[in-house]
Amino acid sequence: PAHRPLYGKHVLVTAGPTREAIDPVRYLSNRSSGKQGFAIAAAAAAAGARVTLVAGPVALPTPLGVGRIDVESAEDMQAAVRRALPADAAVMVAAVADWRAKTIEHEKIKKHSSAPPALILEENPDILAWLATHPDRPGLLVGFAAETENVLDNAKSKLQRKRADWIVANDVSESGGAMDGDDNAVVIVAADGVERLDRMPKHQVGRELVARIAQALGAPAEV
Ligand code: C5P
């Protein structure tokens, strides 16, 4: 029916930050509330999809009808995404840490009176770019881009670099206001064009995006 345009579809969503352990009490992470990703998962479930939400550590309730998998690190998130495949569409909203500590200390690092310890980092997998070339690549692959400047240019180059179908760009600079807030103003960048959505509640951004996902997956237009 028209009000459940994603019925029979599996939608995979990543959301929140990842947490990369340094020792048993310390970690590296990104600023991310998870609100936008959770709102997209909620909207997809409301549209009738089976939804798998792979969530980093956030303080948010699981949306109604959503299957949630909690993870900590980027590697955990990638493994959970791999296990959740196949999916008809994937929306990668998580703010994945670009780096992790090369070695995780098993005991708490002591605060010596001498110099602070050096932190050696190594690169995390780029889950979006990895999924784009995976044999089970979802038919529609959507990435996000949190930018503080040149939002459109950066989104366009990210679209190509990561081989996503769409990049949803949002301005996370101080004036953009998306970070931690309940509103978001996004630009949807696809190979064939750009669509700007006015500032609106993140839940509404979720519904707008899900309507476009349903359309792209060939759901009958709502009447
Ligand atoms: O390169 P950048 O981190 O800005 O790209 C953002 C997009 O890539 C988001 O969709 C994010 O979820 C995804 N990403 C990812 N794995 C990473 C880094 C980013 O899936 N390691």
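Which residue forms a salt bridge with Asp126? Select Asp126 and Lys162: these two form the bridge, with their closest N and O atoms 2.6 Å apart. A salt bridge here is a side-chain nitrogen of Lys or Arg within 4 Å of a carboxyl oxygen of Asp or Glu.

Before going on, note that this is a predicted model, in which local features need pLDDT of at least 70 and side-chain atom pairs count only at pLDDT 80 or more, while totals for chains, interfaces and linings use all residues. Residues are numbered from 1 along each chain as its sequence is written, and side-chain values use heavy atoms, with hydrogens and water left out.

**Stop 1: the Asp126 bridge**

Keep the pair selected and show the secondary structure. Helices (H or I, at least four residues) and strands (E, at least two) are DSSP runs, numbered from the N terminus. Asp126 sits in the loop between β8 (121-123) and α3, and Lys162 sits in helix α4 (residues 151-162), so the bridge ties together parts that are 36 residues apart in sequence. Asp126 is partly exposed at 33% relative accessibility, whereas Lys162 is buried at 17%. Buried means under 20% relative accessible area, exposed over 50%, and partly exposed in between (1.4 Å probe, protein chains only).

**Stop 2: the ligand**

- Lys158: a polar side-chain atom is 2.4 Å from a ligand oxygen.
- Leu128: a backbone N or O atom is 2.8 Å from a ligand oxygen.
- Lys162: a polar side-chain atom is 2.9 Å from a ligand oxygen.

The ligand taken alone exposes 440 Å², and the protein buries 86% of that. These areas come from the Shrake-Rupley method with a 1.4 Å probe; for residues, only the protein chains shown count as cover.

**Stop 3: other salt bridges**

Glu147 is buried at 9% relative accessible area, and Lys158 counts as buried at 17%.

Next, select Glu208 and Arg212, whose side chains form a salt bridge of 2.9 Å, N to O. The two are four residues apart in helix α5, so about one helical turn separates them. Glu208 is partly exposed at 26%, while Arg212 is buried at 18%.

For a network of salt bridges, select Glu75, Arg100, Lys102 and Glu122. The structure holds 12 salt bridges.

**Stop 4**

Which helix holds Gln36? Gln36 is in α1 and is buried, at 6% relative accessible area. Its side chain reaches the backbone oxygen of Lys202 at 3.1 Å. Leaving out residues up to four places away in sequence, Gln36 touches Val93, Phe144, Asn184, Lys202, Val205 and Gly206; contact means heavy atoms within 4.5 Å.

Move to Thr52 in strand β4, buried at 9%. The side chains of Thr52 and His10 are joined by a polar contact of 2.7 Å. Beyond four places in sequence, the residues that Thr52 touches include His10, Leu12, Ile69 and Ala84.

**Stop 4: the cores**

A nonpolar core is a set of buried Ala, Val, Leu, Ile, Met, Phe, Trp, Tyr and Cys residues joined through side-chain atoms within 4.5 Å. The largest has 37 residues, of which Leu6, Val13, Val91, Leu209 and Ile213 touch the most other members. Elements giving two or more residues to this core include β1 (10-15), β4 (50-55) and α5 (202-216). Helix α1 gives the largest share, six residues.

Finish at helix α2 (residues 74-84), where the buried residues include Met77, Gln78, Ala80 and Val81. Among the elements covering the buried residues of α2 are β1, β5 (66-70) and α3 (127-132).

Note on methods: Polar contact = N/O pair within 3.5 Å; in protein donor to acceptor, adjacent residues only side chain to side chain.
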